[in-house]
Amino acid sequence: LPEKFSSFCNSIRDLFPFVVDNKCLIELSPSLATKFQSTALTEAYDLVSEQFNSPSISFQSKFARYSTSKYAHEAAYDAFMTGAIFARCAASLEEKADFSDKISLPAQ
């Protein structure tokens, strides 16, 4: 790890120029915000699992236990839930998007 926190932040920005937070994505998107009563991880995952159909998400056979039970607070399962929320919210936004108006992001 770098010695200075600012160096660490710069390294993260270099590696990941765009970071999207699920909570912000949901709360700042009116079409999503109205669907979610909570952005807590388990509650948000339950909602996207029940109400969002796309994309299809499945587990490899060696992780089959995750498809039949919930393992909240287990690091791998929490990471899975985070990814599933993002993927399904992004797909939902893409379905509703009107790309006639494009947003230009400033160069960094």
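Mentor: Let us begin with a definition: a nonpolar core is a set of buried Ala, Val, Leu, Ile, Met, Phe, Trp, Tyr and Cys residues joined through side-chain atoms within 4.5 Å. Please bear in mind that this is a predicted model.

Trainee: Which residues touch the most other members of the largest nonpolar core?

Mentor: They are Leu 32, Phe 36, Tyr 45, Val 48, Ile 85 and Cys 89, in a core of 16 residues. Helices H2 (22-27), H4 and H6 each supply at least two residues of this core. The largest share comes from H6, with six residues.

Trainee: What does Ile 85 touch, leaving aside residues up to four places away in sequence?

Mentor: Ile 85 touches Asn 22, Ile 26, Leu 41, Ala 44, Tyr 45 and Val 48.

Trainee: Which residues make the contact?

Mentor: H4 contributes Leu 41, Thr 42, Ala 44, Tyr 45, Val 48 and Ser 49. H6 contributes Tyr 77, Asp 78, Phe 80, Met 81, Thr 82, Ala 84, Ile 85, Arg 88 and Cys 89. By class, the contact residues divide into ten nonpolar, three polar and two charged.

Trainee: How do you know whether Leu 47 is buried or exposed?

Mentor: Leu 47, which lies in helix H4, has a relative accessible area of 14%. Buried means under 20%, so Leu 47 is buried. Not counting residues up to four places away in sequence, Leu 47 touches Lys 35, Phe 36 and Phe 52.

Trainee: What makes Asp 78 buried or exposed?

Mentor: The relative accessible area of Asp 78, a residue of helix H6, is 19%. This value is under the 20% cut-off, and Asp 78 is therefore buried. With residues up to four places away in sequence left out, Asp 78 touches Leu 41, Tyr 71, Ala 72 and His 73.

Trainee: Where is Pro 55 found, and what is the peptide bond from Ser 54 to Pro 55?

Mentor: Pro 55 is in the loop between H4 and helix H5 (65-68). The bond from Ser 54 to Pro 55 is cis, with omega near -10°. Most peptide bonds are trans.

Methods: Residues are numbered from 1 along each chain as its sequence is written. This is a predicted model: local features need pLDDT of at least 70, side-chain atom pairs count only at pLDDT 80 or more; totals for chains, interfaces and linings use all residues. Side-chain values use heavy atoms; hydrogens and water are left out. Contact means heavy atoms within 4.5 Å. Helices (H or I, at least four residues) and strands (E, at least two) are DSSP runs, numbered from the N terminus. Ala, Val, Leu, Ile, Met, Phe, Trp, Tyr, Cys and Pro count as nonpolar, Asp, Glu, Lys and Arg as charged, and the others, Gly among them, as polar. Buried means under 20% relative accessible area, exposed over 50%, partly exposed in between (1.4 Å probe, protein chains only).
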